[in-house]
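Hello,

Here is the structure I promised to pass on to you. Have a look at it first, and then read my notes below.

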Amino acid sequence: MRLLKVATCNLNQWAMDFDSNLQHIKASIQKAKASGATVRVGPELEITGYGCEDHFLEPDTITHAWECLKDILAEDLTRGILCNIGMPVELSGVRYNCQVFCLNQKILLIRPKICLANDGNYRELRWFSAWKHRHQLVEYQLPSIIADAVSQKIVPFGDGYLSFIDTNIAAETCEELFTPDAPHIGLALSGVEVFTNGSGSHHQLRKLNTRLELIQSGTYKSGGVYIYSNQQGCDGGRLYYDGCACIAVNGDIVAQGSQFSLHDVEVVTALVDLDAVLSYRGAISSLREQAASASSVPSIRVDFKLCNMKENLRIFPSLPIKVRYHAPEEEIALGPGCWLWDYLRRSGASGYLLPLSGGADSSSVAAIVGCMCQLVINAIAEGDEVVKSDAIRIGQYTNGDFPTDSKEFAKHIFYTVFMGSENSSETTRERAKKLSNEIGSWHLDVKIDTVVSSLISLFCSLTGKTPQYKVDGGTNAENLALQNIQARVRMVIAFLLASLMPWVQTKGSFFLVLGSSNVDEGLRGYLTKLSRYKSNRKCKQTGPAKVSMLGCS
């Protein structure tokens, strides 16, 4: 048997945070080496973070990425292990989204992305160009900043694969897996046995099902080992990257990481038998016939053995596992919950404040914050010192105390406010209070009638006219203006409380204000920054609740 130990990872990277990103990359390589792996795959653009947006247009971003790679290669981290590292690279004035293969403190190949993601939430064509020269390699002159450090001047750049003594390895990048002419098909016909995929794939309801089905389908049709890595967490933007690094062999998943987690670094390993790939392919006659006539793909010879496992009858390859999928309800709660924690811990704020009306929209957001608190407590119980340190800092615990209960932690970092008026019902008031008690938030009940009356009185003194609701005989303009007064007053009160309540409790810092909306309002472009309080003087809201969280300091 040709036994190969491979490792992949979920990394919680932050756009433009080179120091932290570098620490996570190094930690993942160290964990991979400690497990005995000789291949380590990292996420797409892991050095810079995926969501740098127009910072990719700045030359310094690429320069700093090379500095980080230099730091990795200067140590012996890549000694004896092939590392696939994602970063932007510029060639002849054109920026490419690349995977850089490194081994023994040398760069073996820079592989640019062939198919860019440019729909939905993706805008890669704004910052990068796709590599148009399929199955071609060119010489790339390394920048002096790294050339001197690694004693290399020229490295191969383009669409090819690495040919080791005992196996062949090639890369795909994120979107390429989803394309009709996925590169792994042609590479498999050319004899590549191991495929790496560094991704920056964001969470979307049930998207993981599609992703894993494509990985399984690709290796089922053409055989091979597929090593998938992804970013995990909020990297500073609106998206949550949902991890789930995995390893597949001949159509079966043999290792799978978490989809929703607060850990900064998660490494997943598997022991695979490359002879099983050879045998699997040899049993499919149509695959053999197509491989016999496949066009050649350029390769780079590497005088190194990756299969260094000694023959041992007690060592078995990793067996297929049952793929773990979350229920849709769990995805809705856990994805935004993880995003909220990442945003909070990096914002400098000491918590969240939510205007809680008792309606479906704001109640959904409150429940998600409650899930966030549970995730934090679970991570602390699992021994995550980073999460524990962040929780102590944000919750401002002292004397060695730290959170051990989600409700108690919510009391430290989550405020809910019911801002009722004469039009609010007692049912919604009680519902808001009951929900806050279940979550553990610090709950306030504020009446806004005096503030609304003051504004209406001011208008009357200026114009001599008194606006009326439509049900009282007013026009549409009067009705809308009176509704908006309540919404805007709630907004001002929310930001006032978010700014000053930490001061009142001698905590310092500030709270981030959360807003909520629903699908109907999103489609119409309707936004008041806060959840609206229902009353019999307003139109009934319809449609499923959709979280729209707005962080403001």
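Which helix lies across strand 18 and strand 19? It is helix 12 (residues 426-439), and this helix runs at about 175 degrees to strand 18 (414-420). Please keep in mind that this is a predicted model.

Those two strands belong to an open sheet of 4 strands, in the order 19-18-17-20, with parallel pairing. Strand 19 (442-447) and strand 20 (512-513) are at the edges and have a single partner strand each, so one side of each has no neighbour in the sheet. Strand 20 pairs with strand 17 (residues 352-355) over 2 bridges, in the parallel sense; Leu512 in strand 20 is the bridge partner of Tyr352.

Next, a pair of helices. Helix 8 (residues 328-347) packs against helix 9 (residues 360-381) at an angle of about 70 degrees, and their axes are 8 Å apart. That makes the two helices roughly perpendicular. Residues making the contact include Trp341 and Leu344 of helix 8, and Met372 and Leu375 of helix 9. By type, the contact residues are 14 nonpolar, 1 polar and no charged.

Some of these names come back in the largest nonpolar core, which has 40 residues: Trp341, Met372 and Phe409 touch the most other members. Helix 9 gives the most to this core, with 11 residues. Leaving aside residues up to four places away in sequence, Phe409 touches Trp341, Cys373, Val376, Ile377, Ala391, Tyr397 and Pro403. Another core, of 39 residues, lies apart from this one, and Leu11, Ala37, Cys68 and Leu69 are among its members.

Happy exploring!

Key: Residues numbered from 1 in each chain as written. Predicted model: local features only at pLDDT ≥ 70, side-chain atom pairs only at ≥ 80, totals over all residues. Heavy atoms only, no water. Pairing = 2+ DSSP bridges. Contact = heavy atoms within 4.5 Å. Axes fitted to C-alpha atoms, helices over the stretch in contact; angles between N-to-C directions. Parallel < 35°, antiparallel > 145°, perpendicular 65-115°, else oblique. Nonpolar A, V, L, I, M, F, W, Y, C, P; charged D, E, K, R; others polar. Core = buried A, V, L, I, M, F, W, Y, C linked by side-chain atoms within 4.5 Å. Buried < 20%, exposed > 50% of the residue type's maximum accessible area, 1.4 Å probe, protein only.
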